[in-house]
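Notebook open, pencil ready. Today I look up a few things in one structure and jot them down as I go.

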Amino acid sequence: MNWQYKLSVRYLIAGLLLLAASGISAQQITTEGDFRVRLYSDGFSESMDNRGTENYMRYRARIRNTFPVNKLTTVFSEMAVFTESNALSPVRNIAGTGKMQYGISQLFAELTAPNFLVFDVARVRAGRQQFPLGEGLVQGESVEYFDKFDGVRFDMAYRSYALSVFGAITSQTVSASGLYPDPGSDQLYIARLSRAFGNHTLMGYGVYNRLRGDFNDHNIFGGGISGNFMTNHLTYFAEMAGQKFHTLEGLPEKGGMGYMAGVGYRWSVGPFRSVKVETRYASYQGDDADTKDKVEIFSPEYPSFYWGSRAGYVDGAAGGDYPYDGRNYEGSRIWYTRAYVVPRQIPKLRIQLQYVMVGEYVDNDDYNTMDDELALNFYYEVSPQARIQFRFAKNYANGEDRDLNESGLLSWSEDRVGKTRFMTELEVKF
C-alpha cells in the first residue's frame, strides 16, 4: 500500500508539471547565467612555519531561467554552484578549494497586476528569493545564500513611491531523524519604502529577525540615499542603520549602529576614453570595553558586499570582517579606494589600482587582526560574453605577532604574515 501511495503521488506531481508547462512555449523560456574560474598563486613572507607558495583554484557558476506563463505570471529559478575556503577564516585559510557547494538560490513565481486598487502596479512573489537592501549594509545579495529566504514578497508602486514587504523562513528545526519539521524556525521580516526624485532615490526600511529561542530576536531600522549628478559622471550613496537586540531584564542593553557611504567620479581625458576614481567606507560598531552598562554591537544576519578582495568582503554565510556570531567583537571599519583607466586605443582593456584597509571599530586590546591590501588589476574583454582578469596583490599585516592567549607560543592565527598574490580569472556570461 505504501508503494502504491508513493507511485500515485509521483504521477500527480508529473501531471501537474505537464499541465503547468503546457501553457509555456519553448520560445518564451529564457536562460542566462555566468561561470567564473580563478587560478591563485599565493606566496607568504615573514611566516614562522616557513610556509611556501599555495596554488589552487576556485569556481562559481549561476544559471537563471525565466518561464513566462502568461502576461501576468512568470516563474523564475536560479541555481548556484561554487567552491570556497573555510568560512571561519576567510582571509588566511586558502589551502585548497574546499568542497563544491551547490543549491537553488532562487525559485519563485511572480504575479503582476497593473492598476491594482489605488496602485499603479502591484506584484507578489512566492518561493525562494533574495531581497537586498541598498548596497548590502544590512541585507545583501550573495551566491553563498543558496538555502535561505523561503517566503513571500509584496511590491506596490504609486507614482514616485514604492513599498515592498517581505517575510521569509530562513531556517527550520527538524526532528532527530530529519524526516519531519519540529516546532521552531528562524524568521525574517522586512519593510522598505522608497521614493525616486530625478536621478536620486531615498529609502527607509525596517528589519525584524525573529530567531528560535528566547531573547534572540532583534530589530534594525535604517535608511539611505543614492543617485548621480551630471548624467552618471558623479555617483554617490549613503546609508545608516541602528540595531537593537532583545535582552534579559537586568543585563546590559545590546545594540549598535552601522553606516556606509561612497562617492565616485568618472570622466574622459587625453588618451583615456574613461577615467574613474571611487572611494567607499563602511563601519560596523563593536563593543567598547569601558562601557559596562551596554554592549555596543552592530551585527546583521545577512549583510553582503564585496569591495576589493577578501579583506573587504562582508558576508554572513562566508564569514567576513564584522561582528557576526561573536567573531571580531570589536567591530570593523573598511575603507576601499580604486582608480581605473580605459585607453582609447584599447577600449576593451581596463587597468585598475585599488587599496583596501580594514581596522577595528574599537581597539580594546590594541591589536588588529585584519590585513591591508594593495592590488593592480587588468581586465580585458575577449568578447561581449567573455572577460579575463589578471591581478597582482600585496597583503600587509595590519599589526605585529602577539601571544594573545598567553600560552608562551605563537599559534597559527597569531602569526601575522605578508602575502603576495597572483590571480588569473576567466568569466563567461551567457
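My notes start with the whole chain and then move to single residues.

**Entry 1: the whole chain.** I kept in mind that this is a predicted model. Next I checked burial: of the 430 residues in the protein chain, 41% are buried. The chain exposes about 22900 Å², and carbon and sulfur atoms supply 59% of that area. I also looked at contacts with a separation of 6 or more, and 55% of them are between residues 24 or more positions apart.

**Entry 2: Gln106.** I found Gln106 in strand 4, which covers residues 100-116. Is Gln106 buried or exposed? Its relative accessible area is 13%, and buried means under 20%, so Gln106 counts as buried. Then I asked myself which residues Gln106 touches, leaving out those up to four places away in sequence. I wrote down Phe76, Ser77, Glu78, Arg128, Gln129, Gln130 and Glu141. I took a second look at Gln130, whose backbone nitrogen lies 3.3 Å from a polar atom of the Gln106 side chain.

**Entry 3: aromatic pairs.** How many aromatic pairs does the structure hold? I got 16. One of them is Tyr281 with Trp335, a tilted pair with 5.2 Å centre to centre and 45° between the planes. Tyr281 belongs to strand 13 (residues 272-284) and Trp335 to strand 17 (residues 332-343), so this pair ties together parts that are 54 residues apart in sequence. I checked burial for both partners: Tyr281 is buried at 19% relative accessible area, while Trp335 is partly exposed at 34%.

I then turned to Tyr284 and Phe298, whose ring centres are 5.5 Å apart with the planes at 45°. Why is this pair called tilted? Planes under 30 degrees apart would be stacked and over 60 edge-to-face, so 45° falls in the tilted range. Tyr284 is in strand 13, and Phe298 is in the loop between strand 14 (294-296) and strand 15 (304-306), 14 residues apart. Tyr284 and Phe298 are both buried.

I also noted one aromatic cluster, formed by Tyr145, Phe149 and Tyr302.

**Entry 4: charges over rings.** Last, I looked up where charged ends sit over rings. I found the charged end of Lys254 over the ring of Phe245, 4.6 Å from the ring centre. I found another case at Tyr361: the charged end of Arg333 sits over that ring, 4.0 Å from its centre.

Notes: Residues numbered from 1 in each chain as written. Predicted model: local features only at pLDDT ≥ 70, side-chain atom pairs only at ≥ 80, totals over all residues. Heavy atoms only, no water. Helix = DSSP H or I, 4+ residues; strand = E, 2+ residues; numbered from the N terminus. Buried < 20%, exposed > 50% of the residue type's maximum accessible area, 1.4 Å probe, protein only. Polar contact = N/O pair within 3.5 Å; in protein donor to acceptor, adjacent residues only side chain to side chain. Contact = heavy atoms within 4.5 Å. Phe/Tyr/Trp six-rings, centres within 6.5 Å; stacked < 30°, edge-to-face > 60°. Lys NZ or Arg CZ within 6 Å of the ring centre and 35° of its normal. Areas by Shrake-Rupley, 256 points an atom, 1.4 Å probe, with all protein chains shown as cover.
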